[in-house]
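Work through the exercises below with the structure open beside you. Try each task before you read its solution.

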Amino acid sequence: MVHAHFDTAARQALTAAAVEAKVRRDLTWQQIADVSGLSVAFTTAAVLGQHPLPKEAAEAVAELLGLDADAALLLQTVPVRGSIPGGIPTDPTIYRFYEMLQVYGTTLKALVHEQFGDGIISAINFKLDVQKVADPEGGERAVITLDGKYLPTKPF
């Protein structure tokens, strides 16, 4: 049975313990995802408190991180989502995403509606990928793919 969890403090404590274990065991997010059998983006989001993990994945992740059965159970519950508290984010990396949406949010909206019509891009039926690629001008570039199912607005 799927259960929802409403104690954000408990989920935040689990996230802190999981990240501490990841660091202590010198693991990458990819290594954690490998034992979960899920994508690195989804597994990372789940461990950071934004998604529930299926039972087998939760148990495998908890075992890898040295977390107990209660932690494995909590990893399976549907969390209260939202990782950015109210206001403008202050973390420089998160702020840049906020800045990107401030600058390009209306452009993305205009292009989505022009190409698809009135509707939204799902964050539920969704895939996320982050790749590091060489920049022809030197250095590196981040390629971030947001791949969500388009859901049209349906008049009723």
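**Starting point**

Asp135 is buried, at 16% relative accessible area; buried means under 20%, exposed over 50%, and partly exposed in between, with a 1.4 Å probe and protein chains only. The model is predicted, so local features need pLDDT of at least 70 and side-chain atom pairs count only at pLDDT 80 or more, while totals for chains, interfaces and linings use all residues. Residues are numbered from 1 along each chain as its sequence is written, and side-chain values use heavy atoms, with hydrogens and water left out.

**Exercise 1. Find where Asp135 lies and what it pairs with.**

Step 1. Locate Asp135: the residue is in the loop between β1 and β2 (140-152). Helices (H or I, at least four residues) and strands (E, at least two) are DSSP runs, numbered from the N terminus.

Step 2. List its contacts, meaning heavy atoms within 4.5 Å. Leaving aside neighbours within four places in sequence, Asp135 touches Glu140 and Arg141.

Step 3. Check for a salt bridge, which is a side-chain nitrogen of Lys or Arg within 4 Å of a carboxyl oxygen of Asp or Glu. Arg141 forms one with Asp135, and the closest N and O atoms are 3.3 Å apart. Arg141 is partly exposed, with a relative accessible area of 49%.

**Exercise 2. Count the salt bridges and describe two further pairs.**

Step 1. The count is five salt bridges. Side chains of opposite charge can pair when their charged atoms come close.

Step 2. Take Glu140 and Lys132: their closest N and O atoms are 3.8 Å apart. Both Glu140 and Lys132 are exposed.

Step 3. Take Glu20 and Arg24: here the closest N and O atoms are 3.5 Å apart. The two are four residues apart in helix α1, so about one helical turn separates them. Glu20 is exposed at 51% relative accessibility. Arg24 is exposed at 53%.

**Exercise 3. Is α3 largely enclosed or open?**

Step 1. Count the buried residues: six of the eight in α3 are buried, so the rest of the structure largely encloses this helix.

Step 2. Name them: Ala41, Thr43, Thr44, Ala45, Ala46 and Val47.

Step 3. Find their partners. The buried residues of α3 pack against α1, α2 (29-36), α4 and β1 (119-134).

Step 4. Gly49 follows α3 and has a positive phi, near 95 degrees.

**Exercise 4. Describe how α2 packs on α3.**

Step 1. Two packed helices are described by the angle between their axes and the distance between the axes. Axes are lines fitted to C-alpha atoms, for helices over the stretch in contact, and angles run from 0 to 180 degrees between N-to-C directions.

Step 2. For α2 and α3 the angle is about 95 degrees and the axes are 9 Å apart. That makes α2 roughly perpendicular to α3, a label for angles of 65 to 115 degrees.

Step 3. Trp29, Gln30, Ile32, Ala33 and Ser36 of α2 meet Val40, Thr43, Thr44 and Val47 of α3.

Notes: Angles under 35 degrees count as roughly parallel, over 145 as roughly antiparallel, 65 to 115 as roughly perpendicular and the rest as oblique.
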